[in-house]
Amino acid sequence: MILNLARKELKSMFASPMGWVILSILIFAFATYFINAVTQYYGMMAGSVKSNGRIGVTLFIGQSVFGLASFVMLFAVPLLSMRLIAEERRTQTLTFLFSAPISLTEIVLGKFLGLFAFLMIIIAVITAMLCTLSNWTELDFGFIFSNVLGLCLLIASFSALGLYFSSITAQPVIAGLLSFIALFTLLALDQFLAADSSNQLSQILRQLSLMHHFEPLSKGIIDSTDIAFFLLFTGIFLIFTLRRLDAERLRA
Amino acid sequence: MINNFTVEATELTRLYGGREAVSNVSFSLSKGQVLGFLGPNGAGKSTTMKMLTGNLAPSNGSVKICGIDMMENPKEAKALIGYLPEMRPLYKELTVDEYLTIAARLHRVSAGNIKKAVEITKERCGLAHMSKRLIENLSNGYQQRVGIAQAIIHNPMVVILDEPTVGLDPIQIRDIRALIREVGAERSVIISTHILPEVEVVCDHVQIIDKGKLVFNGAIDVLKKQRIGNKLLISMSNPPSADSLLKIAGVTEVEVLATGQMRVRFAEDVTPAEAIVQAAVHNNWGLHQISPDQTSLEEVFMQLTYQDAALTAA
C-alpha cells in the first residue's frame, strides 16, 4: 500500500510540467559542472608542479559535482515537497486518502517515499556520470559510495522536513518558503557558530547543523554518528507529520 | 454477524469548540436501503457523514460498518465504504483512467481485477468515452460522475454520497438517480441533499437533521402520508354554502379559500370524493376540479425543522 501511494505521488509529479522542468534543469546543471570539472582537471594538475598539490580525479570531480548537489537540493526539495500535502488539502483531495483503507502511517511514508524516489533519479544520474569515467581511469569507488550515501541521507532529511511543513498549511507556497528557511538555517547553523568553540551552547547547536554531519561523508569518512543523526532527523519529522495529520482528524 | 445492519451509528456527537455540531445522532441501515439525509445548511449533515467515513473522530458515540467498529479497525471498516464528499476529491492533473486506477488500487481491488473494475465502473457512470481525457478538462457534470465512480469502484457495502446531484443538468440528475437506485438495490446508500423531491424519488428512508439533532427518522411512506393528509381541494363555478357540503358523510370541515376554491377535510378511513361529485352533479354546483390537497414536502420539512423554533418563540 505504501508503494501504491508512492507510485501515485510519482505519477502526479510527472503529470505536471513541474517535475519534468526541475528534473531537466538539475540534470543540465550537474552535467555542466561535470564536464567543466573534467576539462579543468588536466589543466589544474598540469599546473601544479609539486606532487603533493595533486589530487585524484575522483576527489576533484566528485567534490565539484556533489558539492553542487547539496546546495541545489536546498532549493529543489522545498519546491517539490511543498505540494505533497498542502496542495491536497487545498483541493480537498486529502479526504480521498483519509477515506481509503490506508493508515495515516502508510499515507505519510508513501508520500515521503514518492518524493525520495523522484530525487533518487537525480542521484542515480549523477552517479552514472561519475562512473562513466572508469572507462579511462581508475576511480575511487569508496569515495563515490560515501558521497552518494551522504547525499541520500541528506535528501531524506530534507524531504521529511519539507513534508512536515507541507502538512501544517493549506498553501503550498507558504510550505515551500517555510521549509526553505528551515533548511537554510539548519545548513548554515554551522557557519555562524564555527568560530566560538569554547561555548557549550554553540557546541550543541553545531551538532544540529545538517552540514556539520554531511561534511565528513562528503570527504569520504563514514561515521555511524552522522548516519544515526540523519536517520533520527528524518524519523522525527515523519512522526511530526503523522501527529499533525492525526490531530486534523481529531480536532479539525 | 448477528444483525444485518450495514451501518450502525450510536449516539454520535461532535463538538466544535464546545458547540455541538452533531448531538446524539443514532440510526441504523440495512442492506438494500437508500437513506436520504435532509437538513438545512449547517445542520450537521456533512459532519455526520465525515464521522461515518472515519474522516472525523466523533467526540462521543460509535460507528459500526457491517459490525466492524470504525474506531477500532479503521482500515477494515473503511474498505467497506465508498465516499464522495461535498468537495469532489479529484486529482485534476490525471486522466479519468489514471485516476480510477489509483482509486481502485488504494481501495484494495486485487491487481488482476483493477482493469475490469475500471471498465465496469466507467460503463455504469457513463464515462466510457472520456477515458483518456484529463479530469481538469471535463465539465462539472462529468467531474461529478468521476467522483461517484471512485466511490463505487471497489463495490463497497455502503456508499455515502454528499449532495451527489448538485450542479448537474436534469438529464444527468435522472441518470445519477437511476444509478443510486441501482446501487441501493444490493448495497446500502446514504445520500445527503436539500432537494426534497429527490428524496421522494430515490430514498426509502429519510432522516431530517436540524441544528445537529435528528428531528425525523422513518420510512419515506410516513413522510408521504403526512404530506397527503385527509384533504380535498374543490373548485366549483356555482359553489354551495359550506353547510351543504358538511352534510355529506365523512366531511368534517369546510374552508373557503381566497381563490374561491374550497378545502374539505374529512375523517380517516372514508373517501368522500365520490359522494361530493354525485352531490355536485345532483345540485348543479358546476364542479370543474377536485383533487387531493397535498402539503408540499417543503411545508412538512418546514414544520419539522421549525417546530422547535416555534415552540421556544411561543
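Two strands are taken as paired if DSSP finds at least two bridges between them, and I keep that rule in mind while going through this predicted model.

Entry 1, strand E9 of chain B. I looked up the partners of E9(B) and found that E9(B) and strand E10 (residues 213-219) of chain B pair in the antiparallel sense over six bridges, with B:Gln207 standing opposite B:Asn217 in E10(B). The two strands form a hairpin with two residues between them, and B:Lys211 in the turn has a positive phi of about 50 degrees. Strand E3 (residues 34-38) of chain B pairs with E9(B) in the parallel sense over four bridges, and there I noted B:Leu35 opposite B:His205.

I then checked burial and found E9 (residues 205-210) mostly covered, six of its six residues being buried. B:His205, B:Gln207 and B:Ile209 point one way, whereas B:Val206, B:Ile208 and B:Asp210 point the other way.

For chain B I read the assignment as domain 1 (5-219) and domain 2 (230-292), and I noted 47 Å between the centres of the two, taken over C-alpha atoms.

B:Asn238 counts as exposed because it has 10 C-beta neighbours inside 10 Å, the cut-off for exposed being 12 or fewer. Leaving out residues up to four places away in sequence, I found that B:Asn238 touches B:Asn284, B:Trp285 and B:Gly286. I also recorded 7.7 Å between the C-alpha atoms of B:Asn238 and B:Leu287, which are 49 residues apart along the chain.

Technical notes
Residues numbered from 1 in each chain as written. Chains lettered and ligands numbered in written order. Predicted model: local features only at pLDDT ≥ 70, side-chain atom pairs only at ≥ 80, totals over all residues. Buried ≥ 20, exposed ≤ 12 C-beta atoms within 10 Å, placed from the backbone. Contact = placed C-beta atoms within 7 Å. Domains from an automatic or database assignment.
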